[in-house]
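Have the model open while you read.

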Amino acid sequence: MIVLGYNGFTRGAELFGRLYGATGVDRNLLVGHDAAAALVIDGELVAAVEEERLSRVKKTSDFPANAIQWCLGSAGVELDQVDVFAFPWRFSSTVGERMISQISDADLSVPAKFDALRRTGELYTGMLSPEAVYDDFVRRTGYELDPNRLALVPHHLAHLMCGAYLAGGGDAAFLVSDGRAETLSAVMGELRDGVVRLFDDSAVDMTSSLGVAYGRITRYLGFVPNNDEYKVMGLAAYGPPPGHNPLLEHVVRLHENGSYTLSVPRDREAYYALFDTLFGGDSKKREEFDFRVKVAGFAQHMVEAVTGHQMRALTAASGLDNLLFEGGLALNCVANTKMLERSPFTGMDVSFGASDPGVAIGAAVYTAGLRNRPADAVTTPYLGPSYDERHTLDALAEYADRVEWREESDAASVTERTAELLAGKNVVGWFQGRAEFGPRALGNRSILANPAFPDIKDIINVRVKHREPFRPFAPVVLEAEAPRVFEMGKKTSSPYMTFVFPVREEYRERIPGACHVDGTARVQTVDERQNPALAELLRAFTALTDVPCLLNTSFNVAGEPIVCSPRDALECFLATEIDYLVIDRFVVTKKDG
């Protein structure tokens, strides 16, 4: 059986922009962002790529025409050979009726209700309804699809199935929490023998979305909502934990069943006024670093308190030992670690597709049948495009007036030369094999550096990434070495940068570039099976320097997608102060001048 999952709407940006003002800073506040496609053949995930990697439009919500074409082409599959196309949103007529009821029951004036119904009606008929989804597919592919071959999968179920598949398909309690699904923002329950049981009374309505509330604070602090929340998480570490939190006192109400209610106005001017009142802010203070740190601390503490409340309810309702956490909130790696360590769960999985790129995978997996996953299926994030030597040489030739290169004889020579470069204060672009899937660079499209230099973070932030100087970088370390360098708690591995751990005291001065201001690090562990080239590079680098890890950040600049092709890599290399670029067996430098 062949199943293609995909996420994205042709009219998403247009309709949300015109109807709801989702433009400029608010451009990502729409349904369908992080468009992607994924291909499952006979129960095995064989290909997946985000549309942004190919279109070069960050966080695009467009119909993923390029991603679909690449996934099918990589497997030699034609559109008419696909048994089912799976889409991770199900705005059924029942959901439509509920949307109408929510507006009717809202505390709005009659004219405001009619306006909301008008906008929602245009959005539903023009984009969200099953008929609109089908028409969008046919228009963009030119393929007259049998409607029975288009499966609409509820959004949270797609998130869950992505995490369950990538965790190996075993039994687990689960929490899915994100900005919004069809009508809810968070659900919890159990997965046993491939059967999902929702704890319905613990579901959280979309109007109380924790992800949306965190996004509104993100915007209040001058960042881009539904994109820059990790900046708020990083800022929170610069201050002590709050003694009291006005958000918990005035915005959050926790309920005994594990659900909660959040009271944050939807209108921007209204929630700015609320936050100014709660935090003692104004337009000038919002630009001050110390004020931003204080507010970020409140926001982060709110996430940790609310998710901790959900964990207590989930553990009381489920007797399972393992937890799956998926959805946009699962990218809050600081909260993830605290959730696990403070709960009775012995294990916790957060996948590399936890946020919305992963729903393309989840929709395909659900439709293919989770229990059809082959027992020996390899779980890997390296699911995207790779490029042969001809592609690389053609790209190098295109930029021959600006770069020069040396071809190493074999993989061992590439490893040795790269380790030598990284032993010094060099920033290296590392481009190998298939592109990783998801928001993190996991060692195939990465920028690497030596964390032993205290100023290496500043060098990369300012000269390479063109981003804020307070931003930390993740260390990548051999899985076997990780417990020696980091306090891993209940975790034995962290292959996807989804957990944060304290750096052991004796290593903080040895790897200052890998330590955040609070002495923690968002760790990626690697072994020979997961990524043999990166594992070998780590061994060679450690043998040469006695430094047990490397800095690993995504191969891009702020506002751009992670590079995908050799040409993308060369463009980024030439636009930044990256010192060396290693593409497969080619070590590339810039020509003088």
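R18 is partly exposed, with 46% relative accessible area. This is a predicted model, so treat what follows as computed values. The side chain of R18 meets that of E122 in a salt bridge, 2.7 Å from N to O. The two come from distant parts of the chain: R18 belongs to helix 1 (residues 12-20) and E122 to helix 5 (residues 110-128), 104 residues apart. E122 is also partly exposed, at 27%.

Another pair, R56 with D568, spans 512 residues of sequence: R56 is in the loop between helix 2 (51-55) and helix 3 (65-75), while D568 is in helix 21 (residues 566-575). Here R56 is partly exposed at 25%, but D568 is buried at 16%.

For a local pair, look at helix 16 (residues 411-423), where E420 and R417 sit three residues apart, about one turn of the helix. Both are partly exposed, E420 at 40% and R417 at 24%. As for networks, shared partners join R11, E14, R18 and E122 through salt bridges.

Altogether the structure has 35 salt bridges, including these:

| Pair | Closest N to O distance |
|---|---|
| R56 and D568 | 3.7 Å |
| E420 and R417 | 3.8 Å |

Conventions. Residues are numbered from 1 along each chain as its sequence is written. This is a predicted model: local features need pLDDT of at least 70, side-chain atom pairs count only at pLDDT 80 or more; totals for chains, interfaces and linings use all residues. Side-chain values use heavy atoms; hydrogens and water are left out. A salt bridge is a side-chain nitrogen of Lys or Arg within 4 Å of a carboxyl oxygen of Asp or Glu. Helices (H or I, at least four residues) and strands (E, at least two) are DSSP runs, numbered from the N terminus. Buried means under 20% relative accessible area, exposed over 50%, partly exposed in between (1.4 Å probe, protein chains only).
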